[in-house]
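Me: I want to learn how to read salt bridges in a model. Can you walk me through them?

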Amino acid sequence: MAATLHRLRSLLGAALAAATLSMACVSVAEAAPTPSTDGDVGAQIVGGTRASTSTYPWVVYLATSSGFQYCGGTLVAPNKVVTAAHCTEGDSASAVRVVAGRDDKNSTAGTTARVTKIWIHPSYTDATRGYDVSVLTLDRNLSQTPIKFATSADSALYTAGTSSTILGWGTTSSGGSASRYLLKATVPLTSNSSCASSYGSDFIASAMVCAGYAQGGTDTCQGDSGGPLVAGGKLIGITSWGEGCAAAGYPGVYTRVATYAPQIQAQL
Ligand code: 4AZ
């Protein structure tokens, strides 16, 4: 199964391949419609709609030094971003940029920060083994408002059926093009037993939480990794992995933030 899992490096790999081919610029713009912010036109993340960083100020994206967006992240303190370990594995801090306050990747809105430190959970090896969490320290305090993250006191937020929000600039279909704009969607959390039925022993309930409709159609996708899963006004998950995107019977899998709250807190 692991060979069919789609993760962030597919997008960064595309960027690096493009650089190798000496393309002057990697265009991430879609020819697709450009629905107005918070409208309901178009089908994006997969099955989502446009959102504004004014409404979700803590959602950020990770970019290469040439500006290519390859992952998401969440501001949890003025100079700290939570993302996925699989987004930062092998990176040097000096190569990573964090972009805040920019809905449209083809704009210069908001702020681009540099990264001075990358912390990766020391037990991380592969997203399907858990520990898919990383904390970035920025070179400045951002003006955007951070969000609180779930702790062991927030177990109620993980109840099956809880309505959660996913956000990102990733692809709008599995293997498709990345979104030019920030997109959002609402998905219900699944039960642990349901997610175990989907993914077998790759699903580790203590380390992960799943979200999506049984019939599929709405999900995070490539390039959304590292971004937020939010419920009850808190960061409860980090976009991590899944079998394709938005497929019936295969919900998205998210790092269970409450499990790693002590390690995250120790980085703040
Ligand atoms: C990715 O590659 C990715 N459908 C993120 C989430 C999911 C699949 C892939 C879940 O970033």
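**Reading the salt bridges**

Reply: The count here comes to 3 salt bridges. Keep in mind that this is a predicted model.

Me: What is the general idea behind such a pair?

Reply: Side chains of opposite charge can pair when their charged atoms come close. The cut-off used is a side-chain nitrogen of Lys or Arg within 4 Å of a carboxyl oxygen of Asp or Glu.

Me: Which residue forms a salt bridge with Asp104?

Reply: Arg180 does, with the closest N and O atoms 2.8 Å apart. This pair links distant parts of the chain, 76 residues apart. Asp104 lies in the loop between β5 and β6. Arg180 lies in the loop between β8 and β9.

Me: Is Asp104 buried or exposed?

Reply: Buried, because its relative accessibility is 14%, and buried means under 20%. Arg180 is partly exposed, at 24%.

Me: Where do Lys234 and Asp154 sit in the chain?

Reply: They form a salt bridge, with the closest N and O atoms 2.9 Å apart. Lys234 is in strand β12, residues 234-241. Asp154 is in the loop between β7 and β8. The two are 80 residues apart, so this pair also links distant parts of the chain. Lys234 counts as partly exposed at 22% relative accessibility. Asp154 counts as buried at 10%.

Me: What do the side chains of Asp139 and Arg140 form?

Reply: A salt bridge, at 2.8 Å from N to O. Asp139 is partly exposed, with a relative accessible area of 36%. Arg140 is partly exposed too, at 34%.

Technical notes
Residues numbered from 1 in each chain as written. Predicted model: local features only at pLDDT ≥ 70, side-chain atom pairs only at ≥ 80, totals over all residues. Heavy atoms only, no water. Helix = DSSP H or I, 4+ residues; strand = E, 2+ residues; numbered from the N terminus. Buried < 20%, exposed > 50% of the residue type's maximum accessible area, 1.4 Å probe, protein only.
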